[in-house]
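Hi there,

Here is the structure I promised to pass on. Have a look at it first, and my notes follow below.

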Amino acid sequence: MAELLAIYNEEAGGVDDAARTAVLEVLRGGADVVEAPAGQKDLDEMLDAHPGRDVVVLGGDGSLHVTVAALHRRGELDARTVGLVPLGTGNDFARGLGIPLDPEVAARIVLAGRPQPLDLLVDDEGGVVVNAVHLGVGAEASEQAKPLKPKLGRFAYAVGGLLAGVRSPGWRLRVTVDGRPLAEGRPVLMAGIGNGVTIGGGTPLTPRARPDDGMVDVVVALTTGPADRLVYALRLRRGTHPELRDVVTGRGREVAVEGEPVPVNADGELTGPTVRRRWTIAPAAWRMFT
């Protein structure tokens, strides 16, 4: 029988006790399960107490990011396969990978035990990105959405995006992919780097990205005029923004951004402002039950 460590954050938004209880019942029907109500501070303690167990994240992108980052830091990504039961607000990584958003169905996928190798983005400060990182107006939109999430759920991202898009003047950035300039000299409204497909609860930032192809997809919006910003926001929601004249795209293994101080959002966590950052793809760095 499989041995699983079910990790969840009791203080995370978007989760109700009934849904979590139902998921745990499904998991216990086919595995030896230890519950680990672990926040970021005591996650290491839980992992230390249960060595060798595969890890199941009951939560969203933020909880998945924290767990994978901890396993990466501990050198345990090769030793433990990760499962995901999407109980978050946006659940973007699950969407992009095709994991069902029905929590009990997702739990049965974990029990089926089919591990898939996945890529990981690692930055030059030792941080990791599981799904996507974006700089500029998208990061500002996430900040605007935070106070709206309790009432609006994933729709808070759309409202936050409109608020940020109207106010942002853009940032002068140089973006390179594998050393080749993708954008430089003009103000950048948003730069997106996708291992997964969507952000903000279903917005397809990098529609052609795959988290298992050894490459990262990049999209840079140079649309800083008022009317252009509105068009970009509407097309971004539909995933047709790469077709716009002032949007440039690329694919590669290393992405570097430098220039004016710009906010950064990595897997839903806002950091920065930063003036220089580099991300490198680590192919097949970890495994997930899919």
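A definition to start with: buried means under 20% relative accessible area, exposed over 50% and partly exposed in between, using a 1.4 Å probe and protein chains only. This is a predicted model, in which local features need pLDDT of at least 70 and side-chain atom pairs count only at pLDDT 80 or more, while totals for chains, interfaces and linings use all residues. Residues are numbered from 1 along each chain as its sequence is written, and side-chain values use heavy atoms, without hydrogens and water.

On to strand β11 (residues 190–194): five of its five residues are buried, so the rest of the structure largely encloses it. Met190, Gly192 and Gly194 point one way from β11, and Ala191 and Ile193 the other way. Strands here are DSSP runs of E, at least two residues, and helices runs of H or I, at least four, numbered from the N terminus. Two strands pair if DSSP finds at least two bridges between them. Strand β7 (residues 132–136) runs antiparallel to β11, joined by five bridges, with Leu135 opposite Ala191. Strand β14 (residues 216–221) is also antiparallel to β11 over five bridges, and there Val220 is the bridge partner of Ala191.

Then there is helix α3 (residues 61–74), with 14 residues. Its first and last C-alpha are 20 Å apart, close to the 20 Å expected at 1.5 Å a residue (1.5 Å times one less than the number of residues). Buried residues in α3 include Asp61, Leu64, His65 and Val68. After α3 comes Gly75, with a positive phi near 70°.

Enjoy exploring!
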